[in-house]
Amino acid sequence: MAAKYDLYENPDNKTRESGYHPRLLKTQPAMEDEICTSISNSCSVTKSDIAGVMEAIYGNLITNLKMGRSVYIPKLGRFSISLECEKLDDYNSNPQNLHVKQINFKPDKRLKEDMKNMEFSRYHREKK
């Protein structure tokens, strides 16, 4: 099934040329129950077992990220964190309000390769 997209006018700013850019249409996300059912239907593992494994992966991911480690999940990619704090004047300063800025995800090479044959279908929305 092809992913639906439409074209949107570029914002009027200095970082992007005028014209249009493609954007995927917002759809319902694949939720845990649907994912567990789909995986269960394609193998001999039960839906409950899959849900348990997903919960264990999540817990392990959180534990390792909180220890400052990156986490590599084969065929998916690498998770890591980046930090943020108030501006520091010099190297010897102690950071104040140090916190996680974001959780980074770098997709695995195989995942990126498998996405190269993705199919798209243009959706023409009614202009207001």
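## Where two strands meet

Glu9 sits across from Tyr20 in E2. Strand E1 covers residues 3-9, and it pairs with E2 in the antiparallel sense over five bridges. Two strands count as a pair if DSSP finds at least two bridges between them. The strands here (E, at least two residues) and helices (H or I, at least four) are DSSP runs, numbered from the N terminus.

A quick word on the model: it is predicted, so local features need pLDDT of at least 70 and side-chain atom pairs count only at pLDDT 80 or more, while totals for chains, interfaces and linings use all residues. Residues are numbered from 1 along each chain as its sequence is written, and side-chain values use heavy atoms, with hydrogens and water left out.

## The open sheet

E1 and E2 belong to an open sheet of three strands, in the order E2-E1-E6, with mixed pairing. At the edges you'll find strand E2 (20-24) and strand E6 (120-122), each pairing on one side only.

## Two aromatic pairs

How many aromatic pairs does the structure hold? There are two. Rings of Phe, Tyr and Trp (its six-membered ring) pair if their centres lie within 6.5 Å; planes under 30 degrees apart count as stacked, over 60 as edge-to-face and the rest as tilted. Tyr5 and Phe120 make an edge-to-face pair, because their ring centres are 6.3 Å apart and their planes are at 85 degrees. This pair ties together distant parts of the chain: Tyr5 is in strand E1 and Phe120 in strand E6, 115 residues apart. Tyr5 is partly exposed at 23% relative accessible area, and Phe120 is partly exposed at 49%. (Buried means under 20%, exposed over 50%, and partly exposed in between, using a 1.4 Å probe and protein chains only.)

Phe79 and Phe105 form a tilted pair, 4.9 Å centre to centre with 50 degrees between the planes. Phe79 lies in strand E4 (residues 77-84) and Phe105 in strand E5 (residues 99-107), 26 residues apart. Phe105 is partly exposed, with a relative accessible area of 40%.

## Out in the loop

Where is Cys43? Look in the loop between helix H1 (32-41) and helix H2 (47-66). With 38% relative accessibility, Cys43 counts as partly exposed. Cys43 and Ile57 are 14 residues apart in sequence and 19 Å apart in space, C-alpha to C-alpha.
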